[in-house]
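Open the model in your viewer and keep the selection tool at hand. The stops below move from open spaces to packed side chains.

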Amino acid sequence: MQGTCLCASVKFTLSYSPTTFYRCHCSLCRRQTGTESNYATLVHHRDFTRSAGEASIHSWRKESGYRNDFCQHCGSTVPNLLAQVPYFWVPLGLVEGVEHYRCVADFCLQRSASPSCSSEIQSYHEPVQSLEQLLRVLQLV
C-alpha cells in the first residue's frame, strides 16, 4: 500500500493494509487539516517504510508534545514516528485505497462542528487517554 504527500516528494509504503481509522475533532487537529476533524491510523514501525523524501520533512512542535511533520515543498502533513513507541501516526488522506478503511472512533466530540456520523462508531467527548486505548480502539492489539 503506497502513500505520498501532495507533491509526491515524500513517499512511503505500508507492508499491510490497515482496516481501521479514527477521527479527532480537537482544535489542533482541525487547524492541522483545515477541516472538522483529522482522519488517521497507526502503523507499527516494522510495517512502515519511507521510500523517498526524508530530507523534505520538517517538524513543528508544541511544548505539550503535539507534533506535526510536513513536507517543506507542498506543506502536506506526513506520517511521523510517535515518541517513545514503535508506531507511526499516518494521515489517512495520503494513502491510496482508503475506501477499504472503517472509522471506529471519534475523539474530542465536545469540540466538534458535527456529531458522529454512525451509531456504530465509538464516541468520546475527550481526547484519547493513552496509546494503549487508541491501539485497542483501532483493533491493533
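The second largest pocket holds about 160 Å³ of space. A pocket here is an open set of points on a 1 Å grid over the protein atoms alone, where a 1.4 Å probe fits, with protein on both sides within 12 Å along at least five of seven lines; lining residues have an atom within 4 Å of a point. Volume is the space filled by probe spheres set on the points, with grid points joined across faces, edges and corners.

This is a predicted model, in which local features need pLDDT of at least 70, side-chain atom pairs count only at pLDDT 80 or more, and totals for chains, interfaces and linings use all residues. Residues are numbered from 1 along each chain as its sequence is written, and side-chain values use heavy atoms, with hydrogens and water left out.

Select the lining of this second largest pocket: Gln32, Thr33, Asn38, Tyr39, Thr77, Trp89, Pro91, Leu92, Gly93 and Leu94. α1, β4 and β9 (87-91) each give two or more of these residues. Helices (H or I, at least four residues) and strands (E, at least two) are DSSP runs, numbered from the N terminus.

Next, go to the largest pocket, with about 790 Å³ of space. Its lining has 26 residues; Tyr22, Tyr66, Leu82, Trp89 and Val128 are the closest to its centre. Colour α1 (27-33). This helix gives the most to the lining, 3 residues.

Now pick Tyr22 and Phe107. How are their rings arranged? Their centres are 5.9 Å apart and their planes at 80 degrees, so the pair is edge-to-face. (Rings of Phe, Tyr and Trp, its six-membered ring, pair if their centres lie within 6.5 Å; planes under 30 degrees apart are stacked, over 60 edge-to-face, the rest tilted.) Tyr22 lies in β3 and Phe107 in β10 (residues 102-107), so the pair ties together parts 85 residues apart in sequence. Both Tyr22 and Phe107 are buried. Buried means under 20% relative accessible area, exposed over 50%, partly exposed in between (1.4 Å probe, protein chains only).

Select Trp60 and Tyr66, another edge-to-face pair: 6.2 Å centre to centre, 70 degrees between planes. Trp60 is partly exposed at 44%; Tyr66 is buried at 17%.

Finish at the largest nonpolar core, with 18 residues. Such a core is a set of buried Ala, Val, Leu, Ile, Met, Phe, Trp, Tyr and Cys residues joined through side-chain atoms within 4.5 Å. Phe12, Leu14, Phe48, Val78 and Val90 have the most contacts inside it.
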